[in-house]
Amino acid sequence: MPAPLAIIPWPRSVDARDGELLLPRGARAEIRGGGGDPLLARTAERLAEVLPSGPRAHEASIVIEVAPDGRADPESYTVEVTRDLGRVRAASPRGAFYGAETLAQLVEPAPDGSRVPAVRIEDAPRFRWRGLHLDVGRHWMPVASIERWIDAIARFKLNTFHWHLTEDQGWRLEIRRYPRLVEIGSKRKETIVGHARRGPKGYDGVPYAGHYTPDEARHVVAYARERGVTVVPEIEMPGHSLAALAAYPELACRPGPFEVRTTWGISEEVYCPKEQTFEFLENVLREVMAIFPSRYIHIGGDEAPKTRWRECRIAQDLIAREGLRDEDELQSWFIRRIERFLAANGRRLVGWDEILEGGLAPNATVMSWRGTAGGIVAARAGHDVVMCPQEDLYFDHYQGPVESEPLAIGGMTTLDDVYRYEPVPAELTDAEAAHVLGAQGQLWTEYMRTPEHVEYMAFPRAIALAEIVWSPREARDPAGFRARLPRALAELDRLGIRYRRPEDL
């Protein structure tokens, strides 16, 4: 009987066979087709990492074949390993990359090289949006740590990096037209110490700063693309905008000056819905789109208090002029205007589920974070949805006993909680369920000052997420996942990722 295979995420179809392919020292992989796509160069590098070193063999032991097929899922692949050859077939470079990743997970050391068990695997993802979010507004993370992050998520076939770049506590992307966004907006005078919601409040008295240049952001985009990952930028509006208003107070509903926020939580200050604001936001988004080729641009839309709009003559005149019922409909009007701008530039708007309030923009995609209700409403209305419920997929929650874990925002989301999560709500019909693009894990960094802390909070929960968004629902196997997890953790060790080791491993 063939030994169990330690593959994560588990493939759609696995036919384990007797025998194995022996890879001598110097074994090499050969790529055929694909037109020199940079993703294939990374595919070759990935296989080189696991093949036994030695004098280069003349004959290829592993062949990667890319043959376009308009009928196939572009992320699908087939792996076939016999005693003579390991072969990956795919219709696209991305499928080949995923097939090679699966094959790499099968390689085991042998006395005189390596071995790969004989097997045939046919595979394709269940969902097309398989994401992980990272907030760098509260705490900035170096580019090198972002690269390590992308390497880790790509290893488990996650394909979307949602990069949350602006917040009340810091604007992190340089916009050439508006230099004060980083000169002023990327810096706060100090940071709260301890938990913002409980205990006495204190501040560290240490100035905090950090931002990315356009070239650094383009580098991250290219680095991700070479690993099959799309970077989706988030530029928050109309709320969570205090850092921008500190830089450009004329965009607010009341006179400044304002300061970049030094504590966590929600600011009452929001963008004023006047023409000057929309000129600013459109100019910002033009520079963002020039850096990020992603089809989707995330505009936030969450936690936008309406107090300032209720007090603002410009906002109230706009409500009357446009025949809007209230400030919720004003937010919808605001989002619809931004959506039209993005659509005119060939992009699609995605926002948190608060964009449902007051009426949803016609082609908006909803990220359902306040449970699943928003996702259900949006899918029933024919809108695409990414499921991100905080109860199951917020990785800033504790993952073990509070007394033995680093300070976190609250909540409890264990590895098992993540693995049990089902992205398609039972309430949806098959037609409505087709609007569920996938799911995404969130990391808000109020209480994560370092890349190492971020990684500790993300992994291995992100590995459980990877399996639930890739593997067939009927293949969900908690015991099998736990048995395969040590191999995945060894991959994190090789990448230098600091993760939380489950108590039972």
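Student: Is glutamate 65 buried or exposed?

Tutor: Burial is read from relative accessible area, with under 20% counting as buried. In this predicted model, glutamate 65 has 19% relative accessibility, so it counts as buried. Its salt-bridge partner is arginine 32, with the closest N and O atoms 3.7 Å apart. Arginine 32 is partly exposed, at 38%.

Student: Where in the chain do arginine 32 and glutamate 65 lie?

Tutor: Arginine 32 is in strand S2 (residues 29-32) and glutamate 65 in strand S3 (residues 62-66), so the pair, 33 residues apart, links distant parts of the chain.

Student: How does a salt bridge within a helix look?

Tutor: An α-helix has 3.6 residues a turn, so residues three or four places apart point the same way. Here, aspartate 317 and arginine 313 are 4 residues apart in helix H9 (residues 313-322), about one turn of the helix. Their side chains meet in a salt bridge of 3.3 Å, N to O. Aspartate 317 is partly exposed at 37%, while arginine 313 is exposed at 59%.

Student: How many salt bridges does a search of the whole structure find?

Tutor: The search finds 52. Some are linked in a network, which includes Arg42, Glu101, Arg155, Arg487 and Glu491.

Student: Arg487 makes me curious about H17. Which residues of H17 are buried?

Tutor: Arg487 and Glu491 are among them, along with Phe481, Leu485, Leu489 and Leu492. The cover over the buried residues of H17 includes helices H1, H2, H3, H13 and H16, and strand S6.

Student: And how do I judge the form of a helix?

Tutor: Compare its span with the expected one, then look for bends. H17 (residues 478-495) has 18 residues and reaches 25 Å from first C-alpha to last, close to the 26 Å expected. A kink of about 40 degrees lies at leucine 485, shortly before proline 486. Just after H17, glycine 496 takes a positive phi of about 75 degrees.

Student: How many disulfides are there?

Tutor: Sulfur atoms must lie within 2.5 Å for a disulfide, and by that rule the count is 0. Cysteine 272 is in none, as the nearest cysteine sulfur, that of cysteine 312, is 3.8 Å away. For cysteine 312, the nearest is that of cysteine 253, at 3.7 Å. Cysteine 272 is buried, at 1%, and cysteine 312 also counts as buried, at 5%.

Student: Which residues touch the most other members of the largest nonpolar core?

Tutor: Of its 149 residues, they are Phe161, Trp163, Trp171 and Phe459. Phenylalanine 161 touches residues including Leu132, Ile146, Trp149 and Val231.

How values were computed
Residues are numbered from 1 along each chain as its sequence is written. This is a predicted model: local features need pLDDT of at least 70, side-chain atom pairs count only at pLDDT 80 or more; totals for chains, interfaces and linings use all residues. Side-chain values use heavy atoms; hydrogens and water are left out. A nonpolar core is a set of buried Ala, Val, Leu, Ile, Met, Phe, Trp, Tyr and Cys residues joined through side-chain atoms within 4.5 Å. Buried means under 20% relative accessible area, exposed over 50%, partly exposed in between (1.4 Å probe, protein chains only). Contact means heavy atoms within 4.5 Å. Helices (H or I, at least four residues) and strands (E, at least two) are DSSP runs, numbered from the N terminus. The expected span of a helix is 1.5 Å times one less than its number of residues. The bend at a residue is the angle between axes fitted to the seven residues ending there and the seven starting there. A salt bridge is a side-chain nitrogen of Lys or Arg within 4 Å of a carboxyl oxygen of Asp or Glu.
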